[in-house]
Amino acid sequence: MHVATPLLRLDDRTFVKREDLQPFSHTHKDRRSSWIINTFAQAADRFVLITSGNGGYSLTKMCAAHDKSLCVTSLVEKEVSPAICSALQQAGSDVRELETHRIYSEDELIALARTLDTERVINVTAGCEEAYIGIIEELAPIKPDRIVCPVGSGELFAGLILGLERCKLDAMLWGVAVEDQHSIADKLIGDWRSYQQQIDQA
């Protein structure tokens, strides 16, 4: 499962959270995968998620380590790098392509992933923001003034907001995104859309 990661001190006022030390994907996505397995593993035969790579890779590797009967379907855009598709497949993920610029419903995503009529499939593309509260709990002892994080769909950002509220920290949260690059989660009709409001209000 995921681990609590240390802080690397760059100077007296700047620290880096070493999420690259997570054991499966070497990213914060391992926290998400741990939360998914702990929350849903007993009710699922297969997980499906839209991914640009790390989320699907992390979940696939962690499911294999936790319970080899748990399967993962990674849904990727057709334009995704062949190297990413290959890494996902080598990890054991069933990789399916999505049509670009088309909105997919929850039922469509589950249908794309299901291999048997009796298979219990859970869509975990979004709604896992609680997985990231632990990052703030680990940062709380140093009482940070500002926290900077990457923003894709907004799930990590929303989770850090929850963590700040739970730990009663008054830190400013800054999100950094790639200009003119939309999240792959734009393809999903679902709970992730609530993240935009949380980001705007933060």
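How do the axes of helix H2 and H3 cross, and within what distance do they come? They come within 9 Å and cross at roughly 10°, with axes taken as lines fitted to C-alpha atoms, for helices over the stretch in contact, and angles running from 0 to 180 degrees between N-to-C directions. Before the details, some ground rules: this is a predicted model, where local features need pLDDT of at least 70, side-chain atom pairs count only at pLDDT 80 or more, and totals for chains, interfaces and linings use all residues. Residues are numbered from 1 along each chain as its sequence is written, and side-chain values use heavy atoms, with hydrogens and water left out.

**The chain overall**

- You're looking at 7 helices and 8 strands; helices (H or I, at least four residues) and strands (E, at least two) are DSSP runs, numbered from the N terminus.
- The chain has 202 residues, and 44% of them count as buried; buried means under 20% relative accessible area, exposed over 50%, and partly exposed in between (1.4 Å probe, protein chains only).
- Take the contacts (heavy atoms within 4.5 Å) with a separation of 6 or more: residues 24 or more positions apart account for 65% of them.

**Helix H2 against helix H3**

- H2 spans residues 54-66, while H3 covers 82-91.
- The two helices are roughly parallel to each other; angles under 35 degrees count as roughly parallel, over 145 as roughly antiparallel, 65 to 115 as roughly perpendicular and the rest as oblique.
- On the H2 side, Gly 56, Tyr 57, Thr 60 and Lys 61 do the touching, and they meet Ala 87, Leu 88 and Ala 91 of H3.
- Sorted by class, that contact has 4 nonpolar, 2 polar and 1 charged residues; Ala, Val, Leu, Ile, Met, Phe, Trp, Tyr, Cys and Pro count as nonpolar, Asp, Glu, Lys and Arg as charged, and the others, Gly among them, as polar.

**Salt bridges**

- There are 9 salt bridges in the structure, each being a side-chain nitrogen of Lys or Arg within 4 Å of a carboxyl oxygen of Asp or Glu.
- One of them pairs Arg 31 with Glu 138, with the closest N and O atoms 2.9 Å apart. This pair links distant parts of the chain, since Arg 31 sits in helix H1 (residues 29-40) and Glu 138 in helix H5 (residues 133-139), 107 residues apart.
- Arg 31 is buried at a relative accessible area of 1%, whereas Glu 138 is partly exposed at 24%.
- Both of those residues also belong to a salt-bridge network with Lys 17 and Glu 19.
- Glu 155 pairs with Arg 32, the closest N and O atoms being 2.6 Å apart. Here helix H6 (residues 155-167) supplies Glu 155 and H1 supplies Arg 32, 123 residues apart.
- Glu 155 and Arg 32 are both buried.
- Glu 99 and Lys 78 form a salt bridge too, at 3.1 Å from N to O. Glu 99 is in the loop between strand E5 (94-98) and helix H4 (106-113), and Lys 78 in the loop between strand E4 (71-77) and H3, so the pair ties together parts 21 residues apart in sequence.
- Glu 99 is partly exposed, with a relative accessible area of 40%, and Lys 78 is partly exposed as well, at 42%.

**Ser 34 in helix H1**

- Ser 34 has its place in helix H1 and is buried, with a relative accessible area of 1%.
- Leaving aside neighbours within four places in sequence, Ser 34 is in contact with Met 1, His 2 and Met 62.
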